[in-house]
2 protein chains.
Amino acid sequence: MQHYEKIKLGNIKLLSGKILKSAQLVYKTYGKLNKNGSNVIILPTFYTGSHVRNEGFIGKNRAINPNKYFIVSINMFGNGLSSSPSNSTKSQYGSKFPTITLWDNIYCQHKLITEKLKIKNIALVTGWSMAGCQSYQWAAQYPDMVKAILPFCASSKTSTHNHVFLEGVKAALIADKNWKKGNYKKQPVEGLKAFGRVYAGWAFSQDFYREKLYKKLGYKNTEELLKDWANDHAKNWDANNLLSKLKTWQLNDI
Amino acid sequence: MQHYEKIKLGNIKLLSGKILKSAQLVYKTYGKLNKNGSNVIILPTFYTGSHVRNEGFIGKNRAINPNKYFIVSINMFGNGLSSSPSNSTKSQYGSKFPTITLWDNIYCQHKLITEKLKIKNIALVTGWSMAGCQSYQWAAQYPDMVKAILPFCASSKTSTHNHVFLEGVKAALIADKNWKKGNYKKQPVEGLKAFGRVYAGWAFSQDFYREKLYKKLGYKNTEELLKDWANDHAKNWDANNLLSKLKTWQLNDI
């Protein structure tokens with residue numbers, strides 16, 4: 001994992017009233033804050049994202065130019081870097097990790113932005129999918145700070161169909177006997193692979209498959225794509241972390 | 001299971017060149033053949049269908065009136081009544097059951113219709129989903145016999161996206177350790193439930209969920225619907241049978 005920074009937030013009272021113990025956010029910044037502090041872009045992470053995976057958006061000839069903007073790329077709770085089931089203290093480890101909302105994420109991101117980075121104004125919050133949902137949340141929660149949002153492939157409230165799709169991928173994961181209601185010693189690898197295979201059907205559109213756009217992504221056929229998705233979930237993701245973020249997604253509603 | 005009839009077809013050479021041993025089709029007829037034999041409707045079964053589940057279409061005030069038509073409702077191979085992994089002879093039992101195409105289904109249905117029932121003309125082949133796919137297959141395979149088809153929610157070739165969706169439900173099922181590559185002693189119940197939960201997201205439209213049409217079906221909320229789908233698959237379906245028909249579906253291509 002490339003270099004990153006961390007803020008330790010102590011015990012955080014969540015929207016639910018429960019306490020997230022020893023909360024931490026992992027983030028990375030790109031570019032420099034200008035003199036009047038008007039060039040801040042916040043880039044939260046998407047469902048299977050991290051600050052590293054956000055780097056596809058950043059570059060001189062990419063969507064966000066770090067020569068012009070001061071970019072704060074912030075890992076969502078549950079992604080294994082910021083506070084997550086997989087890295088929490090014993091009393092909140094794994095299946096004992098509390099439910100986190102997007103409100104909780106943005107409440108803590110706001111602490112990072114204002115208390116540590118001393119930022120007063122945000123030019124833009126943007127992001128894809130759950131990162132886009134966080135854009136809506138930022139604008140609703142701190143309207144005086146956020147000048148603009150650009151959420152893409154995102155919603156301010158998770159739809160019923162979206163909720164049902166998430167119940168499906170969850171069911172595929174927990175069908176693995178090794179899951180043991182979240183108290184696994186080894187990752188439920190078959191369940192994680194199934195999660196990835198089911199998800200791939202939902203991640204792309206009818207047109208994507210009809211027009212064979214997976215070939216443009218470098219896959220010879222759909223089986224190659226499905227295997228890649230299965231392996232990504234099995235190799236890079238912890239089951240409880242995925243389910244923690246999934247719950248956050250289902251609760252998305254401003 | 002209500003009364004039904006059966007035709008024993010002996011060993012059938014499949015489109016693949018392999019042999020389906022002691023093939024049988026289970027079917028049920030409704031109404032009477034008229035004098036000039038012009039009132040025959042063939043109603044194949046859908047993916048999780050049977051001649052019993054087809055009865056929702058049949059009735060004096062329903063889509064197909066048995067007072068006017070002679071209806072032949074024919075169970076698809078793999079549904080547990082017609083030849084299936086779960087009811088085959090030892091050498092083709094379970095995971096050893098050969099791959100069946102829609103061509104094979106219609107080839108055998110044609111034998112039933114012509115050799116046993118002595119029918120010469122078919123007024124209509126109709127059906128929902130995979131039953132509709134069989135309508136296309138009937139028309140393509142025996143164009144001189146079939147006067148009309150009315151497939152609904154069906155295609156003459158399974159699309160790539162449809163194929164990927166089916167890979168997803170399959171992955172959810174076989175994530176269950178009890179599946180044992182099809183050589184299970186007890187049904188992989190958790191996998192079957194996951195299969196049903198994943199499937200429910202695909203079975204209905206965006207509008208269905210947005211407009212809460214599940215309430216019109218008698219479900220208070222989506223969780224009730226998901227549980228019902230999970231239980232239907234766990235209680236009424238054999239895992240290898242589901243996967244056999246799934247393969248047939250994926251190979252659908254006239």
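A polar contact is a pair of N or O atoms within 3.5 Å; within protein, one must be able to donate a hydrogen and the other to accept it, and residues adjacent in sequence count only if both atoms are side-chain atoms. In this predicted model, local features need pLDDT of at least 70 and side-chain atom pairs count only at pLDDT 80 or more, while totals for chains, interfaces and linings use all residues. Residues are numbered from 1 along each chain as its sequence is written, chains are lettered from A and ligands numbered from 1 in the order in which they are written, and side-chain values use heavy atoms, with hydrogens and water left out.

Thr126(B) belongs to strand β5 (residues 124-128) of chain B, strands being DSSP runs of E of at least two residues and helices runs of H or I of at least four, numbered from the N terminus. A polar atom of the Thr126(B) side chain lies 2.6 Å from the backbone oxygen of Leu150(B). Thr126(B) counts as buried because its relative accessibility is 5% (buried: under 20% relative accessible area, exposed over 50%, partly exposed in between; 1.4 Å probe, protein chains only).

The open sheet of chain B has six strands in the order β1-β2-β4-β3-β5-β6, with mixed pairing; two strands pair if DSSP finds at least two bridges between them. Its edge strands are β1 (5-13) and β6 (149-152), each pairing on one side only. Strands β2 (residues 19-30) and β4 (residues 70-74) of chain B run antiparallel and are joined by four bridges. Lys28(B) has Ser73(B) in β4(B) as its bridge partner.
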